[in-house]
Protein chains: 2
Amino acid sequence: MSRLSSRMVSLGSARSEIRELFEYGKERAAIVGPENVFDFSIGNPNVPAPDDIQAITTKLLENHDPVFLHSYTSAQGDFESRDNLAQDLNNRFGTHYHADNFYLTAGAAAALSIVIQALANFGDEFVTIAPYFPEYKVFVESAGATLVTSPAEIESFQIDFDALEKAITQKTKAVIINTPNNPTGAVYSKETIQTLADLLTQKSEEYGHSIYLISDEPYREIVYTDEPLPWVPSYYRNTMVCYSFSKSLSLAGARIGYVLVPREVDEFEDLYAAVCGAGRSLGYVCAPSLFQRVTAQSSHLTSDFSIYRRNRDLLVNSLRDMGFYVAEPGGAFYLFPRALETDARTFIEKAKKHDLLIVPSDSFGCPSHVRLSYCVPTERIERSLERFEKLAKEYR
Amino acid sequence: MSRLSSRMVSLGSARSEIRELFEYGKERAAIVGPENVFDFSIGNPNVPAPDDIQAITTKLLENHDPVFLHSYTSAQGDFESRDNLAQDLNNRFGTHYHADNFYLTAGAAAALSIVIQALANFGDEFVTIAPYFPEYKVFVESAGATLVTSPAEIESFQIDFDALEKAITQKTKAVIINTPNNPTGAVYSKETIQTLADLLTQKSEEYGHSIYLISDEPYREIVYTDEPLPWVPSYYRNTMVCYSFSKSLSLAGARIGYVLVPREVDEFEDLYAAVCGAGRSLGYVCAPSLFQRVTAQSSHLTSDFSIYRRNRDLLVNSLRDMGFYVAEPGGAFYLFPRALETDARTFIEKAKKHDLLIVPSDSFGCPSHVRLSYCVPTERIERSLERFEKLAKEYR
């Protein structure tokens, strides 16, 4: 009998359907040519980082002592970088943050993992809206807590507040939201955030303890709605923000993001300390130092997202014309259409026969849908449409 | 009553004596001038990265598509980078590693945290030699296991094998060694590693299960002994190596290292999967992508360590002349002299009166010593000597 950690073996072995699709895609590419494999499985930005990123990086390398540039920063992150991030948010959202509200992390996954560990005690529940980013479950269970899912409105993927109200109990430590959403692209309006805030305030009072809101915002800047995205902490006091520059600056590999702990949250000092403690406990020493500085100098920039909008419009319209039910994504670069049969895994196997690689919805906590990442070249989408048409035809 | 994770609050609050010393040093610097504060508390390399690092980094930025350079790599790390690392070790140690023996990490702390999580089940014991790097205890307890410490020979900080034999029990999952050692600078000879290997083989047989050896090697290249450092996995089959480029290339802020899982270890497939699973569970997505490539191209290089050797010789000889008992460090950039009184914390307070900032040994699991990091400018050491002399005089 193995004496290894069975949870880690199984997390590592069942690594992901996305990985399997990727390997399958490589095999098929060797046979039919890479141009004839249509991989919509991976959320890796295909739009380059802004040109300024290279200039800023090169200038830092040329103008600074390598000992300064490549040393450990403090565990929270370089002070000046955190200060720059605070100023940037204050300019954009009329907030009053300081460097000491920020804890820089190796991306949003690290930020989430850290915040959840900081909050969780054994037996706690974290509530999220399904479909949801699958790693929430991994991080919550790593912290010895339980993820409770509340289904979204299935037509729009907006919050079903009746369902959410029932999901929140005496055991609820925090609610996790993700807007713009992976995998659906749903964006919550300010009215939605206000309703959520009211519910959480009421439930906190009812249960006599704080219910925190974790706002997971790696797609914050990728929004197609006319109304700007509401700044969640301005609606609900007990909000912590998990952010990443992976998507806004197309720097997924740089592993840079942050946890924002506003001064107004309950038990601010202890909570910020717990965030530092969780970072330490998980083995994060500090966020990568060079890119702390690069992103702090470029947090007001974004990559050119017009290609994502163009891809979205093209896919949504084309798939709808073919008879797919597709909720309109208000942001991010994912589409979450209904599968053409109940079993999403059977459906994606049929899609694979047309060399269309798409992800079944089951691991997102929602059956009978598929996720398409449209952060791909537009011409790939254009050339894929006849494949989708053939696939749809099989079901008519 | 707080409902946050009390373990994380306390890990984050009692962040470290080193941090407090750092803050104290800043206060004193404002009063007496930074040149009159002698900070020996922090292990941040003061020797710059090799010149080639800047050239390699700039060339990567100039010659590659930013989408390629800044995308996620696979969770294990970029294949070509892992392949380069394998070739480099094979050239140096006559081994036969492949890319698939490597899992790239955000430094050695991440590597340790991941390996421990991969191995640990509730109730397991991990054994290390005290004094030891304090984060071992943090990572082992994060994994629900217990750190058991076995005292080193107090004169030399070499392994006391009688003590170690008693510390290993039926519950022992792994032994963690760190050579060259933080905080003592001790280096284990090949005879020592052979004796350790024999003991672990014997104990594995006695208890009927594998006892793994975790070799924590961030100081591998910083060695002052004539004999080359033995390659631990060549002596003991069930060895995993945790490595970092923080010290060898003075890239502590870049957060790059690896876990090496040789093909020969028991349950290789499951163990490598568990390493991947643990990385996922903790929120590591992939190691920073740009510096995966930078370090893979420069893993055969090191910073110029001659300054560390000079500092070591100067400090060891001077402190011995003053009457300190100092074990000779064979590597790394730490000195671990005996305090001049039993209570190390009282002793370092007296040192602070001379603006000498040194770390008491208690958090390293060994009383009555202090740690000096000599990765500082040589002239700082030279100017500090009269302070140490005055301090020593108080005890004569």
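1. A handy definition to start with: a crossing of two helices is left-handed if the near helix is turned anticlockwise from the far one by less than a right angle, and right-handed if clockwise. In this predicted model, helix H5(B) passes helix H11(B) in a left-handed crossing.

2. Here is the geometry behind that. H5 covers residues 79–93 of chain B and H11 covers residues 289–298 of chain B; their axes come within 9 Å and cross at roughly 25 degrees. Angles under 35 degrees count as roughly parallel, so H5(B) and H11(B) are roughly parallel to each other.

3. Sorted by class, the contact of H5(B) with H11(B) has four polar, two nonpolar and one charged residues.

4. Now over to chain A and its domains. The domain assignment gives domain 1 of chain A as 6–49 + 304–393 and domain 2 of chain A as 72–298. Taken over C-alpha atoms, the centres of these two domains are separated by 27 Å.

5. The contact between the domains draws 26 residues from domain 1 of chain A and 27 residues from domain 2 of chain A. On the side of domain 1 that touches domain 2, helix H12 (306–321) and strand S9 (334–335) of chain A are the elements that give two or more residues. H12(A) gives the most to that side, with three residues.

Technical notes
Residues are numbered from 1 along each chain as its sequence is written. Chains are lettered from A and ligands numbered from 1 in the order in which they are written. This is a predicted model: local features need pLDDT of at least 70, side-chain atom pairs count only at pLDDT 80 or more; totals for chains, interfaces and linings use all residues. Axes are lines fitted to C-alpha atoms, for helices over the stretch in contact, and angles run from 0 to 180 degrees between N-to-C directions. Helices (H or I, at least four residues) and strands (E, at least two) are DSSP runs, numbered from the N terminus. Angles under 35 degrees count as roughly parallel, over 145 as roughly antiparallel, 65 to 115 as roughly perpendicular and the rest as oblique. Ala, Val, Leu, Ile, Met, Phe, Trp, Tyr, Cys and Pro count as nonpolar, Asp, Glu, Lys and Arg as charged, and the others, Gly among them, as polar. Domain bounds come from an automatic or database domain assignment. Two residues are in contact if their C-beta atoms, placed from the backbone, lie within 7 Å.
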